[in-house]
Amino acid sequence: MTYRPKSDFLTTIIARGFLADCTDMQGLDEALMKGTVPAYIGYDATAKSLHVGHLLNIMLLRWLQKTGHKPITLMGGGTTKVGDPSFRAEERPLLGPDQIAANIDGMQQVFAKYLGYGDAAGDALMLNNAEWLDGLNYLEFLRDIGRHFSVNRMLSFESVKSRLDREQSLSFLEFNYMILQAYDFLEIHRRHGCLLQMGGSDQWGNIVNGVDLTRRVADRQVFGLTTPLLTTSDGRKMGKSAGGAIWLNAEMLSPYEFWQFWRNTTDADVGRFLKLYTELPVDECDRLGALGGAEINDAKVRMANEVTRLCHGAEAATTAESTARDVFEQGGTGEDLPRIALSTSEAAEGVSVAQLFVRAGLAKSGKDARRLIAEGGARLNDAPLSDAGLMIRAGDLAEPVKLTAGRKRHALVALEG
């Protein structure tokens, strides 16, 4: 008979669809019921912001804290220097220390919106694995830690095996990554009593290594838990859009564009995403997800508001909905739309409308912009646009000019100042 957890945390995340695998469900459940369980998720500092692909596990940490336990966010200041090879076709570009530090600063801004940090038992804790990895003695590390790892077993993990099966190079630097991640669990257990590592299901092999190493070296029972790797109902990887990554920092993606991403959710995904990305009761998520016809659009607006409120605040969510209503229902320009500013000298000389679509993030390249315009997918001030070479000059910018890609992506062009 399948074990049915009793702890608030496991009961909640199972009901909402967060659970993929667990190393020992009953043992973890019992630990969660005994007292506060510290649990961590690691994030390598590969960009200045986290994106929607990270949001599932951020919400997992939030539910952990809401059910009385201690979330630990581990910044990969050390492991980013190596790069996780999991399910990648080639080695990640190596970043310097200044770039890694800048990326960590940007990522920390996101976590502060979802978790409460402090010194109390259930307050979240922010760590950086450079604290213990940067000073490692290589020979001692090999002797004390490396001896616990079987190369045969490491080669059998799907994240590595898939790379080798495709005859793609795997450097010795990358091969060390899973040992370093396992060592992270041991160190966080030693320093902070951490009992649980969580992550996406692509991290299962790395997490199991950490569980095994901590049991061997510290002689303590610890646990691993993974979340599913999400795809949308039409098969796309969650968080990918035609305009690129859906960033969680407002400096890299406006709250309006973030709101629009959720408003544009496919009908079939609404109920599932409401459970994962909002805190609405499960019954309400099911009710909203089951709506049909025009009513499902009301559910999407509700979801966009709830997710945006958590990430950017209630005011940003309200403003985004108001802007969308202005643009779509009332035919306005929507003053809160993403905006690009042309300098006086640029405007005097003129900028092609194709270049403006690229600068506004509505097209990936000039070629992409020209294709969009040629196929009838672009509009200028709500009128069909057919000339990719049309020049926008100062005389055209007495009022902001609205660019539209498809039906739902917009930006404004205005003069500086």
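Which residues make a nonpolar surface patch of about 470 Å²? Tyr 138, Leu 139, Leu 142 and Phe 172 make this patch.

The model is predicted: local features need pLDDT of at least 70, side-chain atom pairs count only at pLDDT 80 or more, and totals for chains, interfaces and linings use all residues. Residues are numbered from 1 along each chain as its sequence is written, and side-chain values use heavy atoms, with hydrogens and water left out.

**View 1. The whole protein, with 19 helices and 15 strands.** The radius of gyration, taken over C-alpha atoms, is 24 Å, close to the 22 Å that the globule rule gives for 417 residues, so the protein is as compact as a globular protein of that length. The globule rule is 2.2 Å times the number of residues to the power 0.38. Along the principal axes, the C-alpha atoms fill a box of roughly 75 × 50 × 40 Å. Helices (H or I, at least four residues) and strands (E, at least two) are DSSP runs, numbered from the N terminus. Buried residues make up 50% of the 417; buried means under 20% relative accessible area, exposed over 50%, and partly exposed in between (1.4 Å probe, protein chains only).

**View 2. The nonpolar patch and helix H6 (residues 138-144).** Helix H6 gives the largest share of the patch, three residues. Patch residues have over 30% relative accessible area and no salt bridge; like charges are joined within 9 Å, and nonpolar side chains (Val, Leu, Ile, Met, Phe, Trp, Tyr) within 5 Å. A salt bridge is a side-chain nitrogen of Lys or Arg within 4 Å of a carboxyl oxygen of Asp or Glu. Accessible areas come from the Shrake-Rupley method with a 1.4 Å probe; for residues, only the protein chains shown count as cover. Tyr 138 lies in H6 and counts as partly exposed because its relative accessibility is 47%.

**View 3. Helix H10 (residues 177-192).** The 16 residues of H10 reach 22 Å from first C-alpha to last, close to the 22 Å expected at 1.5 Å a residue; the expected span is 1.5 Å times one less than the number of residues. H10 is largely enclosed by the rest of the structure, because 13 of its 16 residues are buried. Gly 193 follows H10 and has a positive phi, near 65°.

**View 4. Val 211 in helix H11 (residues 204-218).** Val 211 counts as buried, at 1% relative accessibility. Beyond its neighbours within four places in sequence, Val 211 is in contact (heavy atoms within 4.5 Å) with Thr 23, Phe 185, Val 222, Phe 223 and Gly 224. Ala 182 is 29 residues from Val 211 in sequence and 7.4 Å away in space, C-alpha to C-alpha.
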